[in-house]
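Please look at the sequence and the structure first.

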Amino acid sequence: AGAAPPAFPVPATRGDMTIVGPSASTQSRPPAATNSRAVKVLHAVRHGITEMNVYLSKHRYYEGMKDPKLWDTRLTPEGMAGARNASGVAATLNPKPEVLIVSPLSRALHTAELVFPHYEGPTHVEPLARERVWLSSDCGSSPRVLDGLFGSGGSGRFSFDHLPDVWWYAPRGEARPDKIPMEPEAAFRQRVAEFKAYLLKRPEAVVAVVAHWGLLHELTGHSFDNCEIKSFELHDNGISPLN
């Protein structure tokens, strides 16, 4: 038998089809716990529409479904347009982000480039912010490949030196397995709890995160459309929408 389906709600398309609406790398170092603050402002952004989102809009997700093997799925032209449109909202965020934290999956990195073209502050590529592995689209690319696309060979805004070759959930260490193992729910929830603790320990008061439906839903309790931006107060005892 396969892994049990997620206990939290997963829409047929994982909420995937709705649209809202440069310089050298400034990679920041993970902070020490002594710099923690009790309350943070979190600006959360979901990536744009991808090839896998389009596939899932036509083929309802269920455990054991045929995987189209869209490894580390990319943004579609529509997804890129949605991200560019969201840049207007991102430019008016108040308070302004003091650090930009991005999942290492390509769709999040590309979205971050398009949503935050005006941002010139520090960035950090954080594997704790990756999506739960459901399908091939949630298996990532090596740091070398990512650096060629988004680092020294691309915009130069991100550094990947700190990432291992396989940084996503891969219990057998296989980057491209014949059968993609679903990340266990308990492991996923623990990782999101670690990500929340990581955010709270950072020295910045205002953090922007570009990530994924599953990660953001588990972190905030809110569902996100593609390229939607929502702001929250993050604190030790929970999270609440920013008024």
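The sections below cover the model and its confidence, the overall layout, the sheet, the helices and some single residues.

## Model and confidence

This is a predicted model, in which local features need pLDDT of at least 70 and side-chain atom pairs count only at pLDDT 80 or more, while totals for chains, interfaces and linings use all residues. Residues are numbered from 1 along each chain as its sequence is written, and side-chain values use heavy atoms, with hydrogens and water left out.

The pLDDT is the predictor's confidence in each residue, from 0 to 100. Its mean over the protein is 87, and 84% of the residues reach 70 or more. Residues 1-13 have a pLDDT below 50, and this stretch has 30 contacts in the model beyond near neighbours in sequence; a contact means heavy atoms within 4.5 Å. Residues 15-37 also stay under 50, and here the model has 73 contacts beyond four places in sequence.

## Overall layout

The protein has six helices and six strands. Both are DSSP runs numbered from the N terminus (helices H or I, at least four residues; strands E, at least two). Along the sequence they follow the pattern β-α-α-β-α-β-α-α-β-α-β-β.

Of the 243 residues in the protein, 51% are buried. Buried means under 20% relative accessible area, exposed means over 50%, and partly exposed lies in between (1.4 Å probe, protein chains only).

## The sheet

The six strands form an open sheet with mixed pairing, in the order E3-E2-E4-E1-E5-E6. At the edges are strand E3 (123-125) and strand E6 (238-241), each of which pairs on one side only. From one strand to the next, the twist averages 25°. Two strands pair if DSSP finds at least two bridges between them.

Strand E5 (residues 229-235) pairs with E6 in the antiparallel sense over four bridges. Glu233 has Ser240 of E6 as its bridge partner.

## Helix H6 on the sheet

Helix H6 (residues 213-220) packs on the sheet and touches strand E1 (39-46), strand E4 (206-211), E5 and E6; its direction makes about 150° with that of E1. Axes are lines fitted to C-alpha atoms, for helices over the stretch in contact, and angles run from 0 to 180 degrees between N-to-C directions.

Seven of the eight residues of H6 are buried, namely Trp213, Gly214, Leu215, Leu216, His217, Leu219 and Thr220. The elements that cover these buried residues include E1, helix H5 (185-201), E4, E5 and E6. After H6 comes Gly221, with a positive phi near 80°.

## Helix pairs

Helix H3 (residues 106-115) packs against helix H4 (residues 143-150) at an angle of about 20°, and the axes are 11 Å apart. H3 and H4 are therefore roughly parallel to each other. Angles under 35 degrees count as roughly parallel, over 145 as roughly antiparallel, 65 to 115 as roughly perpendicular and the rest as oblique. In this pair, Ser106, Leu109, His110 and Glu113 of H3 meet Leu146, Leu149 and Phe150 of H4.

The axes of helix H2 (residues 77-91) and H3 come within 7 Å and cross at roughly 50°, so H2 and H3 are oblique to each other. The contact involves Met80, Ala83, Arg84, Ala86, Ser87 and Ala90 of H2, together with His110, Thr111, Leu114 and Val115 of H3.

## Single residues

Val45 lies in strand E1 and counts as buried, at 0% relative accessibility. Leaving out residues up to four places away in sequence, Val45 touches Phe116, Val209, Val210, Ala211, Leu216, Glu228 and Ile229. Val45 and Ala90 are 45 residues apart in sequence, and their C-alpha atoms are 9.2 Å apart in space.

A cis peptide bond, with omega about 5°, joins Asn94 and Pro95; Pro95 is in the loop between H2 and strand E2 (99-102). Asp72, in the loop between helix H1 (51-58) and H2, has a positive phi near 45° although Asp72 is not a glycine. Asp72 is buried, at 0% relative accessibility. Cys227, in the loop between H6 and E5, is also not a glycine and has a positive phi of about 65°. The relative accessible area of Cys227 is 2%, so this residue is buried.
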